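Subject: The model we talked about

Hi,

Here is the model, for you to look at when you have a moment.

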Amino acid sequence: MSSRPPFEFDLRVSADKKRRKTGRRGMSGAFETSQKQCEYPGCSEQGAYRAPKSPDHLDEFFWFCKDHVREYNLKWNFFQGTTDEEFQKFLDKDRVWGRATQPFGKKPDEGRAWARLGVDDPMAILGEKATLNPAKPTGHATRKLPPTERKALEILDARDTMTKAEIRKQYKSLVKDLHPDMNGGDRSDEDRLQEVVWAWDQIKDSRYFRD
């Protein structure tokens, strides 16, 4: 019987341990593959433990042996040299994950966007009926259609209540207006003509319109 894993990889814990790189930190925090020497003056032990150089340079490290990194950590003070006010600001900022926030309604220039455009009443732009509920459109989108056929109706300037014969009449009228032969050879409307032809192809074979 084949011993190859059914999913092409081995899920066993023992296999996972073999794949782990020895350069990763252990539970003690030591980098076993470190080739550095302890930076404590007069120490010649392996520098397997790292410690940040200062609060302002947390990505730069000293390397120490186990005994000297303990001594360094006991003396480490992230807030050394900061005032009480600076310490309180740090705590306040840390409460919101280091991101400053502003209360609602307190943004600069809030409510002045329209004023910058010379408009005192934004609703006035829409006219005297701006606050009235608009009536439901009639003759458009009265039933569900595939997106391609809905787009075709828009191109043909037709309604979904029309029959195929009525839409075909609309199609012929547009072709007549757009065809170069009917415009003295002018081909400026060829792209529009291609859209109209495509639109009719969607409608003529559709099962959503009566013949």
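Below is what I found, going from the overall layout to single residues.

First, some ground rules. This is a predicted model, so local features need pLDDT of at least 70 and side-chain atom pairs count only at pLDDT 80 or more, while totals for chains, interfaces and linings use all residues. Residues are numbered from 1 along each chain as its sequence is written, and side-chain values use heavy atoms, with hydrogens and water left out.

**Overall layout**

The protein chain holds 7 helices and 2 strands. Helices (H or I, at least four residues) and strands (E, at least two) are DSSP runs, numbered from the N terminus. Along the sequence the pattern reads α-β-β-α-α-α-α-α-α. Of the 211 residues, 20% count as buried; buried means under 20% relative accessible area, exposed over 50% and partly exposed in between, using a 1.4 Å probe and protein chains only. Among contacts with a separation of 6 or more, 33% are between residues 24 or more positions apart. Contact here means heavy atoms within 4.5 Å.

**α5 against α6**

Two packed helices are described by the angle between their axes and the distance between the axes. For helix α5 (residues 147–156) and helix α6 (residues 164–178), the axes come within 10 Å and cross at roughly 50 degrees. The two helices are therefore oblique to each other. On the conventions: axes are lines fitted to C-alpha atoms, for helices over the stretch in contact, and angles run from 0 to 180 degrees between N-to-C directions. Angles under 35 degrees count as roughly parallel, over 145 as roughly antiparallel, 65 to 115 as roughly perpendicular and the rest as oblique.

At this contact, L153, I155 and L156 of α5 meet I167, Q170, Y171 and L174 of α6. By class that gives 6 nonpolar, 1 polar and no charged residues. Ala, Val, Leu, Ile, Met, Phe, Trp, Tyr, Cys and Pro count as nonpolar, Asp, Glu, Lys and Arg as charged, and the others, Gly among them, as polar.

In the loop between α5 and α6 you will find D157. Its phi is near 55 degrees, a positive value in a residue other than glycine. Most residues other than glycine have a negative phi. D157 counts as exposed, because its relative accessibility is 56%.

α6 has 15 residues and reaches 21 Å from its first C-alpha to its last, close to the 21 Å expected at 1.5 Å a residue. The expected span is 1.5 Å times one less than the number of residues. K164, I167, Y171, L174, V175 and L178 are the buried residues in α6. They cover an arc of only 100 degrees around the axis, which puts them on the same side of α6; the arc is that of the directions from the helix axis to the C-beta atoms. What covers these buried residues includes α5 and α7. The face of α6 turned away from its buried side carries the exposed residues K169 and K176.

Helix α7 (residues 190–204) has buried residues L193, V196, A199, W200 and I203. Seen down the axis, they fall within an arc of 120 degrees, so they line one face of α7. They pack against α5 and α6, while exposed D191 and Q194 sit on the face turned away from the buried side.

- W200, in helix α7, counts as buried at 10% relative accessibility. Not counting residues up to four places away in sequence, W200 touches L156, K164, I167, R168 and Y171. W200 and R168 are 32 residues apart in sequence and 7.4 Å apart in space, C-alpha to C-alpha.
- S206, in the segment after α7, counts as buried at 5% relative accessibility. Leaving out residues up to four places away in sequence, S206 touches E149 and K164.
- V69, in helix α2 (residues 66–75), counts as buried at 7% relative accessibility. Apart from neighbours within four places in sequence, V69 is in contact with Y49, R50, A51 and F64. V69 and E39 are 30 residues apart in sequence and 9.8 Å apart in space, C-alpha to C-alpha.

Best wishes
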